[in-house]
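I opened the model to see how the chains meet and how the parts inside them are arranged. My entries follow.

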Amino acid sequence: MNSRLRASVMRAAILPTDTMSAENLRQRLSPPVLRIKAVRKLYRELEAIRNVSFDVAACEFVSVLGPSGCGKSTLLMMVAGLIDKTDGEISINGTPVIGPRPEVGVVFQQPVLLPWRTVLDNVLFPIELLKLSRAKYVQRAMELLAMAKIDDFAHRLPRQLSGGMRQRASICRALIHDPSILLMDEPFSALDAITRDEMGVELLRIWQANRKTVIFVTHSIREAAFLSDRVLVMGRRPATIIEEMVIDLPRPRHIAMMEDESFNQYVRKLRKAIEAGHVH
Amino acid sequence: MFTKTRNFLVELGWPIGISLAMLALWEVAVRELGIRSIILPPPSEIIDAMIRRHELLLAHLWPSLYLTVLGFALSVVGGIAVAVLITYSSILRKGFYPLIVVSQVIPKISIAPLFIVWFGTGTMSSLLLAVLIAFFPMTINSALGFQSIDEDIHRMARTFMGTRWQIFWKIRMPNALPYIFSGMKISITLAIIGVIVSEFVASQEGIGYLIKLAGGLLDTPLMMAAIAALSISGLILYGLIVLAEKRTVYWQMTTDADGGAGG
């Protein structure tokens with residue numbers, strides 16, 4: 001166990017909500033799926049990200065929480081291999097990230113579905129790009145759509161779907177090739193508040209059935225607390241991780257839990273951490 | 001589907017009704033005011049001329065239409081090809097694209113007499129003039145279509161390891177189709193203008209030649225019959241493109257993508 005990991009386990013242990021669950025502990029002790037070490041990103045002289053390090057265990061749900069423009073999306077795009085880092089190391093399953101790779105699925109802020117393809121063909125789009133056999137994946141695509149409760153719309157065009165349904169389709173697309181890591185870049189921020197809460201519950205349901213390592217970028221404190229095993233709080237000046245918090249709430253989680261005192265305690269603490277980041 | 005067709009017919013009903021009313025007004029006015037048909041023939045006389053002299057009209061219409069369609073086809077293929085080059089070569093994009101845009105300001109029709117000097121009075125001049133003026137809107141619209149890809153869509157394709165080739169055929173091409181059709185609708189109209197103008201300037205056949213000839217003979221009914229035949233042909237060609245567009249660009253609700261660059 002490296003020192004950083006031990007430190008975070010220790011910090012987790014002294015949280016007021018007493019000890020971590022056995023599940024959480026087991027996750028933390030297995031070798032990390034994603035390892036980010038001293039990553040830095042410069043845009044000319046501007047430091048977009050400073051010295052970010054963290055590990056993510058297999059099947060862990062980690063949120064990166066921070067205000068708009070703090071560089072959290074940049075960080076995610078570097079993990080996706082879409083943006084080059086200036087310094088540091090990013091590795092997935094032990095191999096350094098130098099470009100996009102098939103064990104990663106990405107969900108963007110917008111659904112980015114192709115308007116001329118049906119929902120099913122959109123979900124199968126990665127299969128075509130990866131030159132896999134379409135016939136083998138049609139069944140899986142339909143199962144994913146059924147899980148996201150939009151299988152009735154499989155043969156419709158994206159414009160015939162609501163915003164929430166489109167984003168569900170884009171989550172199915174990110175999962176079609178069975179990636180081990182799912183990267184989500186503020187996927188629900190374009191949705192209205194009610195749909196947004198529903199989508200959170202849906203996402204957890206899909207995740208429960210289809211265990212992936214999830215890195216979820218958001219600027220919503222409640223969303224981060226509700227969804228995650230662990231929340232990393234990112235501050236704006238400097239653009240780095242200023243707080244790490246394990247969310248030890250039982251799973252499966254329900255909307256009603258947002259009313260619980262234990263949930264709200266986490267929300268308050270996260271808010272305090274973000275405010276502390278602003279003072280810098 | 002049924003209501004769609006009905007709405008279409010209702011929408012079509014208005015302009016057709018107004019056209020018929022105007023033709024009737026024209027007919028009555030010419031007769032009541034006693035205007036001589038050498039100045040303005042009534043619609044009935046024009047239709048009569050179209051029927052009686054249909055062999056002469058068709059004989060001159062075919063070569064013009066042939067050159068129009070050929071010039072249009074060359075413009076479409078060439079325009080798309082140049083648009084692809086502009087999209088993928090930054091040197092061409094930075095060097096040529098501004099020139100193409102600026103060249104839109106030049107009234108290219110004025111080059112017609114020069115083409116006669118270079119290529120003679122035959123079909124070559126007509127064809128080249130049609131291509132010259134139909135080519136540019138095609139290029140500009142297609143280039144716009146290939147390049148107006150949402151950055152997010154491009155990123156999405158890259159995360160799934162899409163190659164440049166895949167991104168071109170699976171994203172850029174379908175994305176450009178509505179723009180390409182807008183370009184085609186402008187180009188077909190311009191191709192007709194190119195052919196007719198060059199036939200005005202110097203030619204021994206074609207509907208443009210016939211219009212000029214009839215004008216010289218003060219045979220106004222024949223002249224207007226020729227203009228009518230040309231207009232109807234133009235409408236049919238345009239209609240065919242709209243039809244193809246509706247089938248190809250099925251994902252667009254409306255065809256209001258006509259705001260592209262004009263000639």
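**Chain A against chain B**

I started with the contact between the chains: chain A puts in 17 residues and chain B 16 residues. I counted two residues as in contact if their C-beta atoms, placed from the backbone, lie within 7 Å. This is a predicted model, in which local features need pLDDT of at least 70, side-chain atom pairs count only at pLDDT 80 or more, and totals for chains, interfaces and linings use all residues. Residues are numbered from 1 along each chain as its sequence is written, while chains are lettered from A and ligands numbered from 1 in the order in which they are written.

Next I asked which elements of chain A give two or more residues to the side that touches chain B. They are β6 and α5 (125-129) of chain A. Helices (H or I, at least four residues) and strands (E, at least two) are DSSP runs, numbered from the N terminus. α5(A) gives the most, with three residues. I sorted this side of chain A by class: 15 nonpolar, one polar and one charged. Here Ala, Val, Leu, Ile, Met, Phe, Trp, Tyr, Cys and Pro count as nonpolar, Asp, Glu, Lys and Arg as charged, and the others, Gly among them, as polar.

**The sheet in chain A**

I then traced an open sheet of six strands in chain A, in the order β6-β7-β8-β3-β9-β10, with mixed pairing. Two strands pair if DSSP finds at least two bridges between them. β6 (104-107) and β10 (241-246) of chain A are at the edges with a single partner strand each, so one side of each has no neighbour in the sheet. From one strand to the next, the twist averages 15°.

I looked at one pair: β7 (residues 181-185) and β8 (residues 213-218) of chain A run parallel, joined by five bridges. A:Leu182 is opposite A:Val214 in β8(A). Helix α3 (residues 72-79) of chain A packs on the sheet and touches β3 (61-65), β7, β8 and β9 (230-234) of chain A.

**Two helices in chain B**

Last, I checked helix α4 (residues 90-103) and helix α6 (residues 123-147) of chain B; their axes come within 10 Å and cross at roughly 130°. Axes are lines fitted to C-alpha atoms, for helices over the stretch in contact, and angles run from 0 to 180 degrees between N-to-C directions. α4(B) makes the contact through B:Tyr97, B:Ile100, B:Val101 and B:Ser103. α6(B) answers with B:Phe136, B:Thr139, B:Ile140 and B:Ala143.
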